[in-house]
Amino acid sequence: MALKTPKVISLAVAGALLAGPAVAQGPLEEIIVTASKRAQTLQEVPIAVSVTTSETIEQAEIRDVLDLQSVVPSLRVSQLQNANQTTFIIRGFGNGANNPGIEPSVAVFIDGVYRSRAQSQISDLPKLERIEVLRGPQSTLFGKNASAGVVSVVTAAPTYEPEGYVELGIGNYNNQTAKGYYSTGLSDTVALAVSGSLNKRDGYADNLTTGNDVSNRDRFGVRADLLIEPNDKTRIRVIADYDELDEICCTVANLVNGPTGAAVVALGGALDAENPFSYDVYYNNDSINIAENGGITINAEIGFENFDLTSITAYRDSFLDQPFSDVDFGGADLIGNQPTSTDIQTFTQELRISGGTDSIDWVAGLFYFDEDIDYRNGLDFGAAFSGYVDILTGGTGTVLGLEALLGYAPGTFHNGVAVREYAKQTNQSSSIFGQMDIALSDRLTATLGLSYIQDEKETSLIQENSDAFSKLDLDGADGFQALVGLTLAQQFPAVFGLPFTPANIGLVTSDPVGAAGFQQLQQAIVAGVSQIDLTNPAQNPLLGLQALQFLPQLLGYPNAALDGKSDDSKVTYTARLAYDWSDDINVYASLSTGYKATSWNLSRDSRPTPAEISALTAAGATLPANLVPGTRLAGPEESEVFELGLKGRFDWGFLNIAIFDQTIEGFQSNTFTGAAFTLANAGSQSARGLEFDLAYNPTNNLTLAFSGILIDPEYDEFKGSAIGDISGTQPGGIHEQSFSLAATYNFTVGGYEGFARADYQYDSEVDIQDGGAANPSFAPLNAVGGATREVSTVNASAGIDIDGWEVGVWARNLFNDEYLITNFPSVAQAGSFNGYPSAPRTFGLTLRKNF
């Protein structure tokens, strides 16, 4: 059969979008989406899907994926720790992590290619057609890691008629942007499009230690897209892209200046204490982010007599290097550096056939995924860390004294390089899927879909640990030896009338009587210390130092008890009934499931389970000192959603409503506790809610949109969280109400067309972290208002087209709304807290020439 060409989306469609529509002149037109792996109109497809067109993206000045959430209330996007750590959350579900072993629950596709990690998802794409956000589990058709939803980015195919644009922009913080796109036919059957983008901006925060700015932009990208159509049944797109960034990221502020803050200042550091929106920070080095990302995609569509064949083949290589990173976020040189690098090579292949009759439309396919990850991470102590320990323990010489008591050379503890971890992961995943729409009558359609997913991982993790201090067994042999030496130092002067020094010990023991007395003293002290419960802080003062032993030895694997492999499989399904109530209104009811395979913790926070420790002990293995049990991985998470929906198209606009009841069993939670990330499965997390999307055209020139989500999230069962049993509580960071309002007005002045647009995003107040006010460790945050987040942000833009020259002005966060993206306990600074403040107001001007 001849290939079906999706209808080109014009400017007029945008009023239908729940994603904050752009302008429309006249009746709203249909929008084509591919949420069901075949072309359907937005109003026909019985799926909760948001669509943002290129017009909305351009007019709203959505500059990267972080900005997309301002027009899609069900989608939340955050960027933490580095420029490539982006987390997508849909309907309150989703996760990301500080290490690449933990995969996302929201799958991101660009031109049908699955992008497995955030660092391969951030490319600027100068010629977008639309972005689809599919809400709820989508594993039946999208396979791997779509347990919470899908973000699908679709770029425009090359055109045969020459067209293009050049765009230049300037803004505050010395923002300078440049974009270019050109498409033309090379022959009657071949067209080529090339594009490029450049985005530079000074950071909106200042590092007052180094004098550099933080949270800047410095990235560029190039892309070539070749379209080959030898006949009306064959279409081939070959896309090659490459992008780079070199930035200092991200801004971390002090929220609570705890008892350790004075020690930081005493060591020459500085803190802008409890003033997160000053955007003044003190890092002893800048957190450099260097990323390179590129790949090639071959998308072939061939029409046969009774079906269409689609093949999408892709290879991608993503590299992130973070050679410098200050993780204590203070001016004192405590944690000197945390170098990190991640190299990921990914190959994907999808084969899909689709067809239909008068009563059945069907699609079936295979998907294969092969990925290799090489992850390296380290941590170095700074020059001030030993002095920091001295201050916290009440005086100078604590570290030197402990070294002497235990027989270590001076300067052994906290001496530069501490740990280096080397992790690898190989992942092969495949799925077979099929779905059919069966017309039971002229108005009633049943949809049935099945997918079988197989996911295999093989991982390894080793560590080089030269941190002698963290190896000390302070509640065991090392603690015993140190207490004996400490007691001897205290009693020696009283017994012998001399200061406790090596010379005086030699002097005393040179005499037989003195030697006998010294031996008796030692024996008495040993006998006394033997009666001490070394695990009791009241009896063993050295236990206070354990809080600073945050780099315990890592037990690497594979080992005799753990092979580092996982092999998961699951059948997911979709069942749906859709009824056309009229030509303009349809309703649907659906039950869908999703699946995400095992995620491995590839960082130094990987801890052996008690069972692994027992097995190794039974086998006679020698285990590292201070081995801390925990988790190596989080098992699969399985999602299920029941949904009722209504989609209506009217003369005045659109109205879409969805009521959902969604549950994820075994949600993969990754929580930072101040010294480590805890990876664990929540027993069950649920969310019940209502979504609505309204677009209204009161006149031909004015488009209004109102969309939102009301949600009731809950941990139905989560006994093994980082803070204990939090079953029955609300998960942190999920707003119960989120709304987006947008208004766009089209006008004509002197024969020139223009627009003015504004949108408003509101998220109700929520506890940022699990446990909220019920977690006593967050009491200091509650006292300063740093435990919650509430968002109330306005964006605006306007533009006019003068004979093909488009001039636009824009502002994001127009009224400088201030909120915290997240908060966390400060590293190695008990009682202090840090957080990521929202970006301040940005604004600018663009000039664009279309041709």
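Predicted model: local features only at pLDDT ≥ 70, side-chain atom pairs only at ≥ 80, totals over all residues.
Student: How many disulfides does the structure hold, and which residues form a disulfide?

Tutor: A disulfide is a pair of cysteine sulfur atoms within 2.5 Å. The structure holds one; it joins Cys249 and Cys250, with the sulfur atoms 1.8 Å apart. The link of Cys249 and Cys250 is right-handed, with 65 degrees about the S-S bond.

Student: Is Cys249 buried or exposed?

Tutor: Buried means under 20% relative accessible area, exposed over 50%, and partly exposed in between (1.4 Å probe, protein chains only). Cys249 is buried because its relative accessible area is 3%. Cys250, at 8% relative accessibility, also counts as buried.

Student: How many salt bridges does a search of the whole structure find?

Tutor: A salt bridge places a side-chain nitrogen of Lys or Arg within 4 Å of a carboxyl oxygen of Asp or Glu. The search of the whole structure finds 29. One of them is formed by the side chains of Asp218 and Lys200, at 2.8 Å from N to O. This pair links distant parts of the chain, with Asp218 in strand E15 (residues 217-231) and Lys200 in strand E12 (residues 190-201), 18 residues apart. Helices (H or I, at least four residues) and strands (E, at least two) are DSSP runs, numbered from the N terminus. Asp218 counts as partly exposed at 26% relative accessibility, and Lys200 counts as partly exposed at 34%.

Student: Where do Lys457 and Asp455 stand, buried or exposed?

Tutor: Both Lys457 and Asp455 are buried, and their side chains meet in a salt bridge of 2.8 Å, N to O. Asp374 and Arg376 form a salt bridge at 3.7 Å, N to O. Asp374 is partly exposed, with a relative accessible area of 23%, and Arg376 is partly exposed, with 43%.

Student: Which residues are linked in a network of salt bridges?

Tutor: The network links Arg91, Arg135, Glu643, Glu691 and Asp693. The charged end of Arg91 also sits over the ring of Phe660, 4.1 Å from its centre. Such a placement requires NZ of Lys or CZ of Arg within 6 Å of the ring centre and within 35 degrees of the ring normal. Arg848 lies over the face of Tyr165, at 3.6 Å from the ring centre.

Student: How is a pair of aromatic rings described?

Tutor: The description uses the distance of the centres and the angle of the planes. Rings of Phe, Tyr and Trp (its six-membered ring) pair if their centres lie within 6.5 Å; planes under 30 degrees apart count as stacked, over 60 as edge-to-face and the rest as tilted. The structure holds 32 aromatic pairs. Among them, Phe109 and Phe142 are edge-to-face, at 5.2 Å centre to centre and 65 degrees between the planes. Phe109 lies in strand E6 (residues 106-110) and Phe142 in helix H3 (residues 139-142), so the partners are 33 residues apart in distant parts of the chain. Phe109 is buried, with a relative accessible area of 3%, and Phe142 counts as buried at 8%.

Student: Why is the pair of Phe304 and Phe307 stacked?

Tutor: The pair is stacked because the planes of Phe304 and Phe307 are at 25 degrees, with the ring centres 5.0 Å apart. Phe304 counts as partly exposed at 35% relative accessibility, and Phe307 is partly exposed with a relative accessible area of 29%.

Student: Which residues form one aromatic cluster?

Tutor: The cluster is formed by Phe109, Tyr114, Phe142 and Phe369.

Conventions: Residues numbered from 1 in each chain as written. Heavy atoms only, no water.
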